[in-house]
Amino acid sequence: MLKKTVAGLAGIATLAFAGAAGAQEPIKIGLLLPMTGPFASTGRQVEAAARLYHGQHCQTVAGRPVQILLKDDTGTADVTRRLAQEFVVNDKVNVLAGFGLTPLAFATAPIATQAKTPMVVMAAATSAITEQSPFIVRSSFTLPQVTVPLAEWASKNGIKRVMTLVTDYAPGIDAETAFKGRFTQDGGQVLSELRVPLRNPDFAPFLQRVADAKPDAVFVFVPSGVGAAFMKQFSERGLDKSGVRLIATGDVTDDDILNEMGEVALGTITTHHYSAAHDSPENKAFVEAFRKAANMRPNFMGVGGFDGMHLICEALKKTNAGAGDALVEAMKGMKWTSPRGPVSIDPETRDIVQNVYVRRVERRDGELYNVEFATIEAVKDPVKAAKK
Ligand code: DHB
């Protein structure tokens, strides 16, 4: 009798232990980022911000530890695709995240669909990305979302003749199309559309064409990290003193490298969703914690990583560590106060809805900042809004 009871108890103990072991199984977030190569600054920002959020708010969910696994895709689509496959098959990650450039997000979308694994795009910003898989949710922005408000600002501020100059790949084409569409609709004229190669860009021949044509302004998009090289060539050609105004998406006056640009950047008007100078308690806390943790100033890529982790962690909490479709459903319609301001996930498009700010580069306490002076509230991706 006694023996039986002991055996029974042992059985219960074994079951309880198995249960506890199961509950301890980690939740894995597979982060794919360019940590080396020309776009390593994007990887560095997103990684630092994701780890910051993880340390502050997301070390465990439903009693299970949350792990960030990081792989360096070097900014090459074939590598991203292979590493995403490894994350899904070998590591059995619950979520794929990161994606520093549009081609890398495009390459991974079919894997997310096939594996039914949520894919959180924290950086890449071509409008069409979220249409590549129902498992994609985006925490960054879209180029049309931030560009249309700049075209509107230009028309209202006496700018009539513009040349556009963008990096020649999907987000650049998105920016060019959005700018031209809105600016010409408001009666402006686009003199020519210049496209600079993504790899090893030389701006000089394009800037010469701008100098020769003398438009009222040149509208520019280059990806994060490239703005400093652009600004250097802009001033070397004397364009900063030529009367041609520089207007750009905030990718050009990226907070991570803005200080290196020096005087030439002063007065540049940009539109974007995040500035390290954004005046809110949430942003002050974010900038301070980011500096402490990573010894640098966060930029818009950093905030995309921070908010992407918020999205993942809140969805995990809401579903008690759910997976696949359930996790994507939990992300749809989510609302929160980001360091960038109020944001939400559009349940129809899975894109982020956010304020877009008009900013001017100014010196504050000896440092250059994008100082916000106007706000356009709750902007959706205009490309998808127009399709409805
Ligand atoms: C993309 C990359 C960037 O660095 C950026 O600033 C905007 C868009 C992209 O490839 O989608």
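Modeller: Happy to! Two elements each supply at least two residues of the lining of the largest pocket: helix H10 (281–294) and strand E15 (367–379) (DSSP runs of at least four residues for helices, H or I, and at least two for strands, E, numbered from the N terminus). This is a predicted model, where local features need pLDDT of at least 70 and side-chain atom pairs pLDDT 80 or more, while totals for chains, interfaces and linings use all residues. Residues are numbered from 1 along each chain as its sequence is written, and side-chain values use heavy atoms, leaving out hydrogens and water.

H10 is the main contributor to the largest pocket, giving five residues to its lining. The pocket (an open set of points on a 1 Å grid over the protein atoms alone, with protein on both sides within 12 Å along at least five of seven lines; lining residues have an atom within 4 Å of a point) holds about 270 Å³ of space. It is lined by 14 residues, and those closest to its centre are Ala276, Ala277, His278, Asn283 and Lys284. By class, the lining has six charged, five nonpolar and three polar residues (Asp, Glu, Lys and Arg are charged; Ala, Val, Leu, Ile, Met, Phe, Trp, Tyr, Cys and Pro nonpolar; the others, Gly among them, polar).

H10 comes up again in the second largest pocket, where it provides four residues, the largest share of that lining. Helix H2 (40–57), helix H11 (300–318) and strand E12 (335–338) also give two or more residues there. The volume of the second largest pocket is about 180 Å³. Of its 14 lining residues, His57, Glu282, Phe306, Thr337 and Pro339 lie nearest the centre. Seven residues of this lining are nonpolar, five polar and two charged.

The structure holds one cavity of 30 Å³ or more (a set of points where a 1.4 Å probe fits but cannot get out). The largest cavity has a volume of about 110 Å³, and of its 17 lining residues Gly100, Ala123, Tyr169, Pro223 and Met301 are closest to the centre. That lining is made up of 12 nonpolar, four polar and one charged residues.

The largest cavity is where the ligand sits (more than half of its atoms lie within 2 Å of the grid points). Around the ligand are 14 residues, with Thr102, Ala125, Tyr169, Ser224 and Asp251 coming nearest (a heavy atom within 4 Å counts as near). This shell has nine nonpolar, four polar and one charged residues. Ligand oxygen atoms lie 2.8 Å from a polar backbone atom of Ala125, 2.9 Å from a backbone N or O atom of Ser224 and 2.5 Å from a side-chain N or O atom of Asp251. Taken alone, the ligand exposes 300 Å², and the protein buries 100% of that (Shrake-Rupley method, 1.4 Å probe).

Technical notes
A polar contact is a pair of N or O atoms within 3.5 Å; within protein, one must be able to donate a hydrogen and the other to accept it, and residues adjacent in sequence count only if both atoms are side-chain atoms. Grid points are joined across faces, edges and corners, and a volume is the space filled by probe spheres set on the points.
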